[in-house]
Amino acid sequence: MDFGKRLGLRVKVALPFAITAVALIVIGLFAVSTVRNLVSDTDNIAETYLPSVSEILNGDRDLYQAMVAQMAFVDAQFNNEEGENYLASFDENAGQALERFNQAVARLEGTGVSDVARGFDTAYERWLSSAQRVLQLAETGDAEQARSLAASETNELFDNLRNYFDEVGAHADAQAQIRAGEASSEGQSSSMTILLITVVAILI
């Protein structure tokens with residue numbers, strides 16, 4: 001007698017339901033695990049990478065506005081106009097640029113961002129020192145010398161500093177793309193596993 005003939009009627013009736021129940025449990029566990037991982041990846045992208053990109057973009061904007069304020073102050077002094085508001089704007093935007101860059105780097109800690117941001121503090125201090133010398137020269141009535149210093153030194157330091165914002169922003173965007181790709185691959189893999197389990201259960 002084969003195995004099927006040795007099984008009692010109750011076992012024959014109950015076996016398909018038992019297999020189905022086991023399959024449903026396994027499928028449910030896979031589904032829960034997949035959902036949890038997808039939620040974690042989504043939260044990571046929403047709470048880490050997207051805010052980092054936003055902070056970098058806003059910090060880069062602040063840095064540019066600081067340069068605009070610096071140039072406006074020099075022009076104001078050259079034309080014997082009031083320029084205290086430009087000094088205040090420079091200080092505010094230069095400080096915000098530094099703060100936002102550091103916030104973005106802190107969010108991205110553990111992703112290799114420290115390698116990308118290495119040297120930023122030195123670059124920032126060099127630019128800030130040069131820009132402040134430009135402002136001091138203009139404030140003391142030497143606007144032509146201020147313009148010369150800005151053209152020969154400060155602008156180059158500014159461009160070098162902005163490169164850090166560009167590179168960290170690109171790093172944050174790349175990390176977001178990687179996490180999104182991993183989440184998509186995991187979702188597809190789990191779907192195939194669930195489908196396979198379902199087919200096997202039906203065949204059995």
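Analyst: Contact, or touching, means heavy atoms within 4.5 Å. This is a predicted model, in which local features need pLDDT of at least 70 and side-chain atom pairs count only at pLDDT 80 or more, while totals for chains, interfaces and linings use all residues. Residues are numbered from 1 along each chain as its sequence is written, and side-chain values use heavy atoms, with hydrogens and water left out.

User: Let's start with the overall picture. In what order do the elements of the protein chain run from the N terminus on?

Analyst: Helices (H or I, at least four residues) and strands (E, at least two) are DSSP runs, numbered from the N terminus. The protein chain has six helices and zero strands. Reading from the N terminus, the order is α-α-α-α-α-α.

User: What percentage of the contacts in the protein chain with a separation of 6 or more come from residues 24 or more positions apart?

Analyst: Take burial first: buried means under 20% relative accessible area, exposed over 50%, and partly exposed in between (1.4 Å probe, protein chains only). Of the 204 residues in the protein chain, 33% are buried. As for contacts with a separation of 6 or more, the share from residues 24 or more positions apart is 80%.

User: How many residues in the contact of helix 3 with helix 5 are nonpolar?

Analyst: Helix 3 contributes residues including Phe-90, Leu-98 and Phe-101, and helix 5 contributes residues including Phe-120, Tyr-124 and Trp-127. Ala, Val, Leu, Ile, Met, Phe, Trp, Tyr, Cys and Pro count as nonpolar, Asp, Glu, Lys and Arg as charged, and the others, Gly among them, as polar. The contact has three polar residues and two charged ones, and its nonpolar residues number 11.

User: Now for the rings. What kind of aromatic pair do Phe-120 and Phe-165 form?

Analyst: Rings of Phe, Tyr and Trp (its six-membered ring) pair if their centres lie within 6.5 Å; planes under 30 degrees apart count as stacked, over 60 as edge-to-face and the rest as tilted. The whole structure holds eight aromatic pairs. In one of them, the ring centres of Phe-120 and Phe-165 are 5.9 Å apart and the planes stand at 75°, so the pair is edge-to-face.

User: Where in the structure does Phe-165 lie, the partner of Phe-120?

Analyst: Both Phe-120 and Phe-165 are buried. Their pair links distant parts of the chain, 45 residues apart: Phe-120 is in helix 5, while Phe-165 is in helix 6 (residues 143–203).

User: What is the angle between the ring planes of Tyr-124 and Trp-127?

Analyst: Tyr-124 and Trp-127 both sit in helix 5, three residues apart, about one turn of the helix. Both are buried, and both belong to an aromatic cluster that includes Phe-90, Phe-101 and Phe-158. Their centres are 5.8 Å apart, and the pair is tilted, with the planes at 55°.

User: How far apart are the C-alpha atoms of Ala-97 and Arg-61?

Analyst: Ala-97 lies in helix 3 and is buried, at 0% relative accessibility. Leaving aside neighbours within four places in sequence, Ala-97 is in contact with Gly-59, Asp-62, Leu-63 and Phe-165. Ala-97 and Arg-61 are 36 residues apart in sequence, yet their C-alpha separation is 7.8 Å.

User: And Ser-130: what separates its C-alpha atom from that of Glu-153?

Analyst: Ser-130 belongs to helix 5 and is buried, with a relative accessible area of 0%. Beyond residues up to four places away in sequence, Ser-130 touches Leu-149, Glu-153, Thr-154 and Leu-157. Ser-130 and Glu-153 are 23 residues apart along the chain, with their C-alpha atoms separated by 7.3 Å.

User: Is Asn-80 buried or exposed?

Analyst: Asn-80 is found in the loop between helix 2 and helix 3. Its phi is near 55°, a positive value in a residue other than glycine. With 73% relative accessibility, Asn-80 counts as exposed.
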